[in-house]
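Please look at the structure first.

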Amino acid sequence: MKELIGYKVGEEILDIQSANSENIHDAQEIYFDNSPDALHIIRHSTAHLMAQAIKSLYPDARFFFFFFVDEGFYYDFKTATKIGEEELELISKRMNELAAAKIDITKYTITKPQAIEKFQSDDLKQEVLSHIPSEEVSIYCQDAFEDLCRGPHVPNTKYLKYFKLTRLAGAYLGGDESKEMLTRIYGIAFADKESLKAYITMME
């Protein structure tokens, strides 16, 4: 039996937590599969799983935006440690450990001034907050790791088993060549092993 992971209201995709907080239960249901809406939630969540893994391996890591692209997602971040292609396997291994740990993913909201104070020592988070027009922001947590995010997310890391980190690149902060260079890691994720394997075979 497929598991419910979210709802769709018009063109907006909400995770279960957000739907519950807004008392929305009669919208189009999204189940854990490889439908475009489900993959949106799964890949969004896998990007955060990758960030959590990076943070646990490189405690000084700081994160900028993550984005969706046709072939999956990517996340921009920085750390004093030089990250190369050979580190992708290490990060993937840590992601698998976190997925196997079945960590609950929770959400809370605070005001933008509170967020500015909370992340006052994080220059990349301050940059992110400068792009948010809302006076209230949401934060998603996975154990000790937390990040600014609108969602949507799966309710637990157990759903995030079938992924692959595909490549690494450099990227200027916000695409501005006058600003610092960040590390960018691309990834892909699916709801099942067969779909991931088929994608890898196609790419090869």
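Q: Why are α2 and α3 called roughly perpendicular to each other?
A: In this predicted model, helix α2 (residues 36–57) and helix α3 (residues 87–100) pack at an angle of about 110°, with their axes 9 Å apart. Angles of 65 to 115 degrees count as roughly perpendicular, and therefore α2 and α3 are given that description. Their crossing is right-handed.

Q: Which residues of α2 and α3 meet?
A: On the side of α2 the residues include Thr-46, Leu-49, Met-50 and Ala-53, and on the side of α3 they include Leu-90, Ile-91, Arg-94 and Leu-98.

Q: What makes the pair of Phe-63 and Tyr-75 edge-to-face?
A: Rings pair if their centres lie within 6.5 Å, and planes over 60 degrees apart count as edge-to-face. By this rule the count comes to seven aromatic pairs. For Phe-63 and Tyr-75 the centres are 5.5 Å apart and the planes are at 65°, so the pair is edge-to-face. Phe-63 belongs to strand β4 (residues 62–69) and Tyr-75 to strand β5 (residues 72–78), twelve residues apart, and the pair thus links distant parts of the chain.

Q: How do you know whether Phe-63 and Tyr-75 are buried or exposed?
A: Buried means under 20% relative accessible area; Phe-63 has a relative accessibility of 4% and therefore counts as buried, and Tyr-75, with a relative accessible area of 1%, is buried as well.

Q: Why is the pair of Phe-190 and Tyr-199 called tilted?
A: The ring centres of Phe-190 and Tyr-199 lie 5.7 Å apart, with 50° between the planes. Because planes under 30 degrees apart count as stacked and those over 60 as edge-to-face, with the rest as tilted, the label for Phe-190 and Tyr-199 is tilted. Phe-190 is buried at 11% relative accessibility, and Tyr-199 is buried with a relative accessible area of 14%.

Q: What makes the charged end of Arg-43 sit over the ring of Phe-190?
A: The rule asks for CZ of Arg within 6 Å of the ring centre and within 35 degrees of the ring normal. The charged end of Arg-43 is 4.8 Å from the centre of the Phe-190 ring and is listed as sitting over this ring.

Q: How do you know that Asn-23 is exposed?
A: Exposed means over 50% relative accessible area, and Asn-23, at 63% relative accessibility, therefore counts as exposed. Asn-23 is placed in the loop between α1 (16–21) and β3 (28–31), and its phi is near 55°, a positive value in a residue other than glycine.

Key:
Residues numbered from 1 in each chain as written. Predicted model: local features only at pLDDT ≥ 70, side-chain atom pairs only at ≥ 80, totals over all residues. Heavy atoms only, no water. Phe/Tyr/Trp six-rings, centres within 6.5 Å; stacked < 30°, edge-to-face > 60°. Helix = DSSP H or I, 4+ residues; strand = E, 2+ residues; numbered from the N terminus. Buried < 20%, exposed > 50% of the residue type's maximum accessible area, 1.4 Å probe, protein only. Axes fitted to C-alpha atoms, helices over the stretch in contact; angles between N-to-C directions. Parallel < 35°, antiparallel > 145°, perpendicular 65-115°, else oblique. Left-handed = near helix turned anticlockwise from the far one by under 90°. Contact = heavy atoms within 4.5 Å.
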